[in-house]
Amino acid sequence: MNHSPEPFRLLPGAGTSPVILHVPHSSRTVPESVRAGIVLDDGALERELDHITDSHTADIAAAAAAGCAVTPWQFVNGLSRLVIDPERFPDEREEMLAVGMGAVYTRTTHRERLRSDGFDGRPLVERWFHPYAEAMTRAVEDRLEAAGRAVIIDVHSYPTEPLPYELHGDGSRPPICLGTDPFHTPARLLAAAEKAFAGFGGTGLDSPFAGTYVPLEHYGKDDRVSALMVEIRRDVYMSEPGGPAGPGLVALAAALAELADAAGQEG
């Protein structure tokens, strides 16, 4: 385990680019201070990380950024989502609280105990969640100031077979799931994504995972902030669970680059 891990990184892109590739769930890093509050033994923790981590998504985003005509920005979580999940609501608005997976998880992907009953997650929220949210908010505001708009492309992956924690796991599981928001996902951005990812066997909307990430400061208020979630079914590019990437990664990076360039060009 890393003693002093970097909690997140903002990787600069072109000054005029409005696009931020957001990668929240790619890391397996759990600081030792956080590991102490997890009840799983080391082997069980590694298996849980195999299931819960969106493996190689940071590599997909990095390769995409390198292949863009205009380099997008990247905001990459350096910590596992078992520390905090930056994409959850930090309060009772979060539906995943029903399965112990709010901003701080207390249950595993298989609904087993991850942390002790009565665990107080507030210190983790204060230490890790709020600084992440503030930094992402600043990144979006910087793009608004520099480019007049911001486009968040949220890069995720999901398992081929549903896991017990999924609240909507009985829905369709297309090769590419596009998560949308009625306020923040304009039709042109969705159309660009459907075009870019047309070659992977089909895209679907909001199943098995719906929605997309927008900082709460802007959520539902500022239509200059556009957002789309790209959920990649893991068999498209890697060995499950938690195995190496395959040749699909290169093709996915090219498709993501196409989407990022299209999103950056739209006025």
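**First stop: a charged pair**

Select Arg35: with a relative accessible area of 14%, Arg35 is buried. Buried means under 20% relative accessible area, exposed over 50%, and partly exposed in between, using a 1.4 Å probe and protein chains only. At 55% relative accessibility, Asp42 is exposed. The two side chains, Arg35 and Asp42, meet in a salt bridge at 2.8 Å, N to O. A salt bridge here is a side-chain nitrogen of Lys or Arg within 4 Å of a carboxyl oxygen of Asp or Glu. Side chains of opposite charge can pair when their charged atoms come close.

This is a predicted model, where local features need pLDDT of at least 70 and side-chain atom pairs count only at pLDDT 80 or more, while totals for chains, interfaces and linings use all residues. Residues are numbered from 1 along each chain as its sequence is written, and side-chain values use heavy atoms, leaving out hydrogens and water.

**Zoom out**

Show the whole chain as a cartoon. Look for six helices and seven strands. Helices (H or I, at least four residues) and strands (E, at least two) are DSSP runs, numbered from the N terminus. Trace them from the N terminus: β-β-α-α-α-β-α-β-β-α-β-β-α. The C-alpha trace spans about 50 × 35 × 30 Å along its principal axes. Of the 267 residues, 55% count as buried.

Which residue forms a salt bridge with Asp54? Select Arg234: its closest N and O atoms with Asp54 are 2.9 Å apart. This pair links distant parts of the chain, 180 residues apart. Asp54 sits in the loop between α2 (42-52) and α3 (57-67), and Arg234 in the loop between β7 and α6 (248-265). Both Asp54 and Arg234 are buried.

Next, select Asp222 and Arg224. Their side chains meet in a salt bridge at 2.9 Å, N to O. Arg224 is partly exposed, at 40% relative accessible area. Asp222 is buried, at 14%. Then select Asp54, Arg81, Asp85, Arg88 and Arg234 together: salt bridges that share partners join them into one network.

Select Glu217, in the loop between β6 (203-205) and β7 (225-233). Glu217 counts as exposed because its relative accessibility is 51%.
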